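Reader: Could you go through this protein with me, slowly and in plain sentences?

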Amino acid sequence: VLFRSTRMKEWLTDFTTFRLGGPCRELISVVVAAKAVEVIRGWNAAGIPWRVMGGGSNLLVADVGIPEAVLRIHSGVPDCRREGELISVSAGTELDALARFAADEGLAGLGFAAGIPGTVGGGICGNAGAFGSALGDGLERLEVLTRAGDKKTRPRAALTFGYRASSLQQTGELIIRAWFRALPGDRAKLRAERDEILAARLEKHPDWHVLPTAGSFFKNLPAETTDGPRRAAGKFLEQAGAKQMREGGAYVFPKHANIVIAGPGAKAAEVARLTERMAAAVKEKFGFDLEPEVRFWGDLK
């Protein structure tokens with residue numbers, strides 16, 4: 001349930017989907033977030049600064065590393081349960097496993113998460129989503145740990161969610177467990193929809209198990225009309241020539257201008273420089289700024 005590194009410094013390269021990043025002060029992995037109470041309180045008592053990560057799918061860590069300790073909440077074994085009209089799931093469960101569980105149970109509302117890398121905890125914190133839906137939409141409540149290590153329950157009404165954002169990013173609270181409202185659906189239809197989503201992702205997106213990437217790097221743009229869809233950042237990047245860009249070992253995925261690949265020998269600083277060039281090209285051509293969806297840890301200069 002708890003893994004404490006025996007090395008003086010643990011390299012974060014092994015724990016992000018970009019497969020980049022230097023060392024951290026200490027890395028402790030937990031399957032069940034509630035088991036981290038003693039760790040958090042111990043770090044706090046010792047005055048050790050710390051950060052939290054999930055699946056590392058939306059993270060670019062500096063090549064020189066970071067001075068903080070890192071608590072990693074991740075489980076390779078899904079922990080999803082049906083509780084009446086709710087689905088209960090642990091923070092360390094992978095998002096795709098939650099989507100698969102919902103479909104197998106004949107429960108609608110979470111199918112959009114199929115194929116999204118990362119964990120439920122990290123996904124809720126960043127309000128991950130697709131196809132116009134996001135995790136905050138169907139959330140009922142959370143069980144969290146405060147930065148002091150105290151366990152609390154947070155109803156949905158006590159939280160705020162925006163596009164790829166939530167109030168949890170400001171409070172720094174760690175998610176232990178989440179409950180989502182379950183909507184009855186047709187099991188066969190939900191499974192078929194899941195297969196369609198996975199096929200669509202496979203066609204347009206790289207397999208992050210094979211090519212090191214964080215998926216969409218920049219957030220999509222606000223809609224032009226009140227009830228319209230958000231405008232895809234990838235379309236503006238493509239028109240600005242991003243697909244032809246490369247920086248050292250980092251390059252733009254040929255099938256999607258908003259996805260950066262860390263090729264052989266790539267450095268995090270090269271990814272950072274490449275994405276700066278991509279954003280600058282859009283700014284020059286269209287006059288607006290792109291906002292990264294990927295989080296940056298450490299000095300990436």
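Reader: Thanks, so where is the place of Phe 131?

Author: Phe 131 sits in the loop between β11 and β12 (133-134), where strands are DSSP runs of E of at least two residues and helices are runs of H or I of at least four residues, numbered from the N terminus. This is a predicted model, in which local features need pLDDT of at least 70, side-chain atom pairs count only at pLDDT 80 or more, and totals for chains, interfaces and linings use all residues. Residues are numbered from 1 along each chain as its sequence is written, and side-chain values use heavy atoms, with hydrogens and water left out.

Reader: And what is phi of Phe 131 near?

Author: Phi of Phe 131 is near 55°, which is a positive value in a residue other than glycine. Most residues other than glycine have a negative phi.

Reader: Is Phe 131 buried or exposed?

Author: Phe 131 counts as exposed because its relative accessibility is 60%; exposed means over 50% relative accessible area, buried means under 20%, and partly exposed is in between, with a 1.4 Å probe and protein chains only.

Reader: Which loop does Asn 127 lie in, and what is its phi near?

Author: Asn 127 lies in the loop between α3 and β11 (129-130), and its phi is near 50°, again positive in a residue other than glycine. Asn 127 counts as buried, because its relative accessibility is 4%.

Reader: Changing topic, how many residues does the largest nonpolar core have?

Author: The largest nonpolar core has 47 residues, and Leu 71, Ile 124, Leu 142 and Phe 180 have the most contacts inside it. Such a core is a set of buried Ala, Val, Leu, Ile, Met, Phe, Trp, Tyr and Cys residues joined through side-chain atoms within 4.5 Å. Among the elements that each supply at least two residues of this core are β7 (69-73), α3 (120-125) and β17 (174-181).

Reader: What is Leu 71 in contact with, leaving aside neighbours within four places in sequence?

Author: With those neighbours left aside, the contacts of Leu 71 include Ile 28, Val 30, Trp 43, Met 53 and Leu 174, where contact means heavy atoms within 4.5 Å. Apart from this core lies another, of 32 residues, including Ala 233 and Phe 288.

Reader: How many helices and strands are there in the whole protein?

Author: The protein has seven helices and 23 strands, and 50% of its 301 residues count as buried. Its C-alpha atoms fill a box of roughly 50 × 50 × 35 Å, taken along the principal axes.
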